[in-house]
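User: Hi! I've got a new model open and would like to talk through the ligand site with you. Could you start with what counts as being close to the ligand?

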Amino acid sequence: MRLCIVVVFSTLAWGQDPLLPLLKQQCGGCHTGSQAQGGLSMDSIDALRKGGKHGPALTPGAGAQSLLVQHMTGEKTPRMPLGSPLAAGAIEAVTAAINAMPAMPAVAKKDAHFDWLLRVPTAGQVPPTKRTGWIKNPIDAFVLANLEKQGMTPAAEASRRALLRRIAAHSRGDAGL
Ligand code: HEC
């Protein structure tokens with residue numbers, strides 16, 4: 001029963017995000033609304049991300065590196081909350097809440113595949129060949145250039161009969177052509 005009350009109470013008190021209610025209680029007097037000191041409003045997570053004079057007050061996933069925590073521990077001055085003591089466990093609670101926030105996706109690195117995808121196609125260079133008469137369209141030049149590079153000559157053009165036989169064999173799935 002006792003555990004049940006604790007669970008209900010903590011859900012009511014902290015809501016989905018334990019960070020905002022905690023900050024409101026400890027720091028709200030000076031960091032809410034338009035009068036937010038140091039330009040830092042704690043009205044929403046977005047406001048904390050935007051931060052005050054010195055940039056983002058929190059870095060999701062990195063509590064100890066967040067300004068909020070650094071001003072509470074005194075690593076950065078002035079120590080917060082200004083002029084009043086900090087509730088026991090507040091630093092740990094704020095650090096843990098920030099650590100639990102999903103880290104922001106890293107700035108997208110250059111993605112080679114994506115680059116390739118967005119590349120505007122340009123016409124390639126048709127390779128030069130020794131024979132010229134054999135070429136009927138530019139693709140033939142690529143085939144011939146490769147054959148010439150390997151010291152081979154193109155086979156004579158197949159007769160219509162031979163072509164038909166090959167098509168028939170292909171469509172039946174015959175191996176020998
Ligand atoms: C009594 C008023 C007061 C309270 C309460 C208070 N602060 Fe501040 N806070 C200030 C003032 C004033 C500044 C600006 C200090 C400066 O620029 O020198 C400030 C600045 C900050 C900054 C730096 C913002 C920036 O970008 O420069 C952080 C972070 C901060 N407070 C966190 C907190 C936290 C966390 C709490 C609660 C645990 C808290 N403050 C409670 C008055 C307060």
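This is a predicted model: local features need pLDDT of at least 70, side-chain atom pairs count only at pLDDT 80 or more; totals for chains, interfaces and linings use all residues.

User: Great. Which residues come nearest to the ligand?

Analyst: Cys27, Cys30, Gly38, Gly52 and Met80 come nearest, out of 23 residues around the ligand.

User: And which elements give two or more residues to that shell?

Analyst: Those are helix H2, spanning 19-27, and helix H4, spanning 67-73. H4 gives the most, with four residues.

User: Nice. What's the shell like by class?

Analyst: There are twelve nonpolar residues, ten polar ones and one charged residue around the ligand.

User: Switching topic, what does the overall fold contain: how many helices and how many strands?

Analyst: The protein chain has eight helices and zero strands.

User: How much of the chain is buried?

Analyst: Buried residues are 14% of the 177 in the protein chain. As for contacts with a separation of 6 or more, 35% of them involve residues 24 or more positions apart.

User: Okay, now confidence. Where is it lowest and where is it highest?

Analyst: Helix H1, residues 2-14, is lowest with a mean pLDDT of 43, while H4 is highest at 96. Over residues 3-15 the pLDDT is below 50, and that stretch has three contacts in the model beyond near neighbours in sequence.

Key
Residues are numbered from 1 along each chain as its sequence is written. A residue is buried if 20 or more other C-beta atoms lie within 10 Å of its own, exposed if 12 or fewer, and partly exposed in between; C-beta atoms are placed from the backbone. Two residues are in contact if their C-beta atoms, placed from the backbone, lie within 7 Å. A residue is near a molecule or strand if its C-beta atom, placed from the backbone, lies within 6 Å of it. Ala, Val, Leu, Ile, Met, Phe, Trp, Tyr, Cys and Pro count as nonpolar, Asp, Glu, Lys and Arg as charged, and the others, Gly among them, as polar. pLDDT is the predictor's confidence in each residue, from 0 to 100.
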